[in-house]
Every structure is written in C-alpha cells, then in structure tokens.
Amino acid sequence: MSEESQNANVLIILGLILGLLLGTLILSVVNNASSEETTMMIATVVIAIFTVVLAGLQWLSWQQNKVVSRANYLVIMHDKRMLVYNDAIEFLRIFSRDGQPNLEDAMALKSKISNADFLFPEEALGFFNEMISKSIEHKNAYDRWEPRRARAFNGERLTAEEREMSDQALNDKFEVERWFWEQITNNRVRTELGPYLKMPASV
C-alpha cells in the first residue's frame, strides 16, 4: 500500500471518529435538559475532538518525515554510488589513453572502493576486483618481458628459452590489454553498476 493510500485511510478513520463524537454531542444536547450537563458534555466532546485531530496531525507529520528521510537516504546512496561509478569510468579512460593499465591507478581504485560493499552487492563489485587483478597480471607480464626486450634491443643474443619466455610474457600482456578493450567496448561498467544507479520514481 502506498503512502498516499495510507494517509487517505487515516483521514477517513479520523472523519468517522469525529462524526461519532459530533453525533454523541447532538444526542446529548437533545436528551439532556440540564444546561450544566450539556455544557460539560460539549466541553468533553470538544476536548476529545481536539485530541483526535492533534493525534492525526502528528501521525501525518511523522509519515511525511519518514517519506522525506527515506528520499534523502536514497539520494545520498545514489550520490555515493555515482562516485564509485565515476572512479571506474576514469580508470578505464586512463587505460584508453595510455593503452595499458596502470598498477598505481589500480591500487588507488582499490582504496577508493574499500568500503563500497556497503553501496553495492558483491556481484557488482566483482568487476572492480577483476580490473585490479588484471592490472596486477599486466604488471607481472610487463616485468617478465621488458628486461629481455631491453637486452635484445641492446644487441644481446637471447637463448631459445629466454625468447620463449619473452614471447609468452608479451602474449600475456597483450591478452590483458585486449580484455580491458573488451570491457570498454561492451560498456561493462554500465552493465554491472547501472541497475543500482536508478533513482525510484517516487524520489
């Protein structure tokens, strides 16, 4: 049941209560000849009506405050989630500019999302963990490949085993880079986080 329906039901109930009280007042006036008793009855009914109206107004105010508090909570949560979303977008933007993930940026991203489990379910955060893990893989592959590349560039002859290891490291490096390009092409950030960034129509 919506908040509006609940409020309407409360107003109907208040109207019925007030109608009963007023009916009681009219019957008392008709049935009691004593003006003193009538005056006391009127005073009692007026006080009762005032009490019921005040209680109804307080309840409606509480309901409204509850709605406003929930709306504020949803807005704050949305803003915090957008910050995490923008961090992911920025990380991939830097990758698309440089053509390779930066491990320092990945560690910074890991720090930024350290408390994001309060904002997103675990499955949504899995993408962040993948990006961080792939960045570490890329750095390891680069560190295996670069020294041998530098030696070969300087004219040093590598052994067959070293060339094979260098080729494997280079292939691992390219695999990670292809993975990142696929995430950008498929708009994975929006796919993973988008469902949690929609604001309810009632806000």
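Predicted model: local features only at pLDDT ≥ 70, side-chain atom pairs only at ≥ 80, totals over all residues.
## The chain as a whole

The protein chain contains 6 helices and 0 strands. Read from the N terminus on, its elements follow the order α-α-α-α-α-α. The chain has 203 residues, and 27% of them count as buried.

Among contacts between residues at least 6 apart in sequence, 78% join residues at least 24 apart.

## Helices H3 and H4

Two packed helices are described by the angle between their axes and the distance between the axes. Helix H3 covers residues 103-112 and helix H4 covers residues 122-153. These helices pack at an angle of about 155 degrees, and their axes lie 9 Å apart. An angle over 145 degrees counts as roughly antiparallel, and H3 and H4 are therefore roughly antiparallel to each other. The crossing in which H3 passes H4 is left-handed.

Which residues make the contact? On the H3 side they are Leu-103, Ala-106, Met-107, Leu-109 and Lys-110. On the H4 side they are Phe-128, Met-131, Ile-132, Ser-135, Ile-136 and Lys-139. Sorted by class, the contact of H3 with H4 has 8 nonpolar, 1 polar and 2 charged residues.

Glu-104 is also placed in helix H3. Is this residue, Glu-104, buried or exposed? Glu-104 has a relative accessible area of 65%, and because a value over 50% counts as exposed, Glu-104 is exposed. The C-alpha atoms of Glu-104 and Ser-135 are separated by 9.2 Å, while the two residues are 31 residues apart along the chain. Ser-135 is one of the H4 residues that make the contact with H3.

## Helices H4 and H5

H4 also packs with H5, at an angle of about 150 degrees and with the axes 8 Å apart. That angle makes H4 roughly antiparallel to H5. The crossing of H4 and H5 is left-handed. The residues of this contact divide into 11 nonpolar, 5 polar and 10 charged.

Two residues of H5 may be considered in turn. Ser-166 is found in helix H5, which spans residues 160-185. With a relative accessible area of 9%, Ser-166 is buried, because buried means under 20%. Leaving aside residues up to four places away in sequence, Ser-166 touches Trp-145 and Arg-148.

Leu-170 has its place in helix H5 as well. Its relative accessible area is 22%, and Leu-170 is therefore partly exposed. Leu-170 and Tyr-142 are 28 residues apart in sequence, yet 7.2 Å apart in space, C-alpha to C-alpha.

Asn-187 lies in the loop between H5 and helix H6, the latter covering 188-193. Asn-187 is partly exposed, with a relative accessible area of 36%. Asn-187 and Ile-89 are 98 residues apart in sequence, and their C-alpha atoms are 9.7 Å apart in space.

| Residue | Relative accessible area | Class |
|---|---|---|
| Ser-166 | 9% | buried |
| Leu-170 | 22% | partly exposed |
| Asn-187 | 36% | partly exposed |
| Glu-104 | 65% | exposed |

Key: Residues numbered from 1 in each chain as written. Heavy atoms only, no water. Axes fitted to C-alpha atoms, helices over the stretch in contact; angles between N-to-C directions. Helix = DSSP H or I, 4+ residues; strand = E, 2+ residues; numbered from the N terminus. Parallel < 35°, antiparallel > 145°, perpendicular 65-115°, else oblique. Left-handed = near helix turned anticlockwise from the far one by under 90°. Contact = heavy atoms within 4.5 Å. Nonpolar A, V, L, I, M, F, W, Y, C, P; charged D, E, K, R; others polar. Buried < 20%, exposed > 50% of the residue type's maximum accessible area, 1.4 Å probe, protein only.
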